[in-house]
Amino acid sequence: MTGPLIEVDNLSLSVAHRPEFIIVRDVSFALQPGEILGIVGESGSGKTMVARSLMGLQPQGIVVSEGDIRFNGVSVPGMAPAALRKLRGAQIGMVFQEPMTSLNPSMTIGAQLEEPLKLHTKLNRTQRLAKMVTILKRVGIDDTAQALKAHPHQFSGGMRQRIMLASAMLLKPALLIADEPTTALDALVQREVMELMVEMVRQDQSAMLLISHDLPMVARYCDRVIVMRQGDMVEEGPVDRVISAPTHDYTRDLLQSLPLRGPARELAAAPQPMIEVRALTVDYRGRGGLLGRGALKRALHPVDLAVWPGEVVAVVGASGSGKTTLGRAIAGLVPASGGQILYQGQPVARNAAYRHNCQMVFQDPFGSLDPRMSIRQLVGEALRHDGLDRGEVTARVTAMLEEVGLGAAFLDRFPHELSGGQRQRVAIARAIIRNPKFIIADEAVSALDVTVRARVLDLLSDLQRRYGFACLFISHDLGVVEQMADRVVVMRDGRIVEQGPRDAIFDAPTTDYTRALLSAIPTFERTETGVSLNWRFASAGENASQDKAPI
Amino acid sequence: MRPMRPNQIIGLTLIALVLSAAVIGTFWTPFDPLRIDLRNKLAAPGLPNLLGTDEFGRDILSRLMAAAGTSTSISLITVSFAVCGGVTLGMIAGYARGAVDRAIMMVNDAMLSFPSMLLALALLSITGANKYGIILALGLAYTPAMVRVVRGAVLSLREREFIEASRIMGNSAAYTMLRHLLPNCLAPVIVLATTMFGSVLLTESALSFLGLGVPPPAPTWGNMLASARPHMSAAPWLGIFPGLCIALTLLGINLFGDAIRDRLDPRMRGL
């Protein structure tokens, strides 16, 4: 009975027929029954590939080229398809990243939960129903009769992830693989789902493999951690040891990349705010019928906000809190339904000075650059209205590219040839090349890997200091906000809940919601000896979650 | 420039062949394509009529060459018409949305609900059966499909952040459409245009068959194919050669279209 549940020996994965394209190189680890193991790595590190190969589910065309995986002593790569199917679901359960797409939208929850029971057990209908009701109760869904009849779209993301977890745990698998299970969820919901998952795994004495890019998250919930980088396993060990005494440079790099709060800045006094928002409201019109118009939905309740020259104001909140709408309304991408937006005291509507001085950096560096334009054209386009000749444009673009750390070699490349971080640098270059007074950064670093994110953030705050533009920094990532912001605005359901200087918000929040938000995410704090893992306000705000029951 | 791939070379060669046949055909043909020689009707391919003669003894090769210009120019102009109209309307509808979109798409969907053949017939009864009438009628009949495709592409593109980035930079709607939307929705437009080209060639022949195409005795590939039908068993070459011309032209256009699409896309250049 005792041996390890999973043994991975010198596992290498490569592209079939092309053994020189190695995806994962020489990975070995063992997983004991009941143990929680984390695999941390950035995109392309091969962490997902390793997890999938444990149940023979690596993408077509990728094969185990060397080494072996043994599940309870039986080699997985050598298994017949029928044996593999028995393994999946019954012995190994999986929770995916995207709760919106991992449930079949056209099947009721009941039908989807029943599927594995029909496949892997000989229970009759009543027994199956009893099992389904029990598991739904365990994941915190009380109205089980309703839930079994409901379809996935009737549930929120957090609830769907609970249902995914229910279906994965239904057969009490010996191993649960969770691949970025909470990355798509809001901070508050993230914590609930993670804690539920760990609790269930412990109760059922299953082992768990948690795959994530989020080192603090993994450190908080796992016993042991593996750090992967570009297909190599660079570090393995107990969480405490890896955090306090990392042996590999890359792990150290990862730990160092975590955002850090700097000292508060003194801003020069200014006679009037750069941007002033007075009682701004935004309504969206829902879909109407053939003749009637849809009902109005208020995305932004009257909001007042001021951004002073040279100031970085962060807007934080869960999804649906209206933070993006606020930014887009200020940028003029969404029409305001009421209220005023003033730029240096002047209304912004048809204000050419404002158009030139308000620029935006978007979240998705893959979507915000026209794929058919070269970097020269992309950055140069911002100068189109300045009447410069080609030589002058190229000179300015080159200088700007140097500033964002890219250089002239990038002039004639196209976006698809650049990495995510490089693209975001291009997007930043394009936003500030005309030396605007105000920048809106909407989740500007959220799509980037941890180490890349740290460098882009450094670049952004460096440029902010040198160019002195004011910045509205919209983010759900409190760590990043803590590093960047002078002032923080907390939003919820289209309203501003709390705003104030960064240190006041982070150290002494006055509302329960802010406190809950801050306590939802484990963070590292640097101490003299290294880093230590913390919850902020560990006891506070358990009930402040937004994740209400469905239907 | 990177070297061309074999299928691109084939495509270009075919198009060059058709175009040179069309150009030569307007100045010189082995025989007069309209000269009737009833003693020599339905002659099999050989000498002196390389590809044989039709039911009136007219030389098929000469007629094919003379028809090349008419057929390809009708198709080309019709497709250009549909592309210009379809791209303009589709882009405006997709970008403006709201009332403008609804107005354009209501008319467009009404036109789409007729089979294009029927629509062309109705329009031909207004314009009259001649080359320009056919171009106008077919052009109008084929535009709605293009509008649909372009609008769909634009609707999904305009949600992309680079379109918003263009607005943030203070670019006008017209500039954004031309510089950012147009190049990015070219791929489906080219695919649709190449299939349309073939479809127009065939519709033109169907119209000829109904007596509404380019009026006889002027040859087009379509009406040659149509008039070959009664003689299918006795003189199969009557149908084979115009059919072959249509098929090879289509193949050439399709390969050529793919080549253009790949050339225009920077993401494909490195491959």
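Before starting I noted that two strands pair if DSSP finds at least two bridges between them, and that helices (H or I, at least four residues) and strands (E, at least two) are DSSP runs, numbered from the N terminus. This is a predicted model, where local features need pLDDT of at least 70 and side-chain atom pairs count only at pLDDT 80 or more, while totals for chains, interfaces and linings use all residues. Residues are numbered from 1 along each chain as its sequence is written, chains are lettered from A and ligands numbered from 1 in the order written, and side-chain values use heavy atoms, without hydrogens and water.

**Sheet.** I looked up Val316(A) and found it opposite Val490(A) in β19(A). Their strands, β13 (residues 312-316) and β19 (residues 487-492) of chain A, run parallel and are joined by 4 bridges. I then traced the open sheet of 6 strands in chain A, with mixed pairing and the order β16-β17-β18-β13-β19-β20. Its edge strands are β16 and β20 (495-501) of chain A.

**Interface.** Which residues meet across the chains? I counted 27 residues of chain A in contact (heavy atoms within 4.5 Å) with 22 residues of chain B. I also looked for salt bridges (a side-chain nitrogen of Lys or Arg within 4 Å of a carboxyl oxygen of Asp or Glu), and the count between chain A and chain B is 1. Glu164(B) forms a salt bridge with Arg328(A), the closest N and O atoms being 2.8 Å apart. On the side of chain A that touches chain B, α11 (323-331) and β16 (358-361) of chain A each give two or more residues; β16(A) has the largest share, 3 residues.
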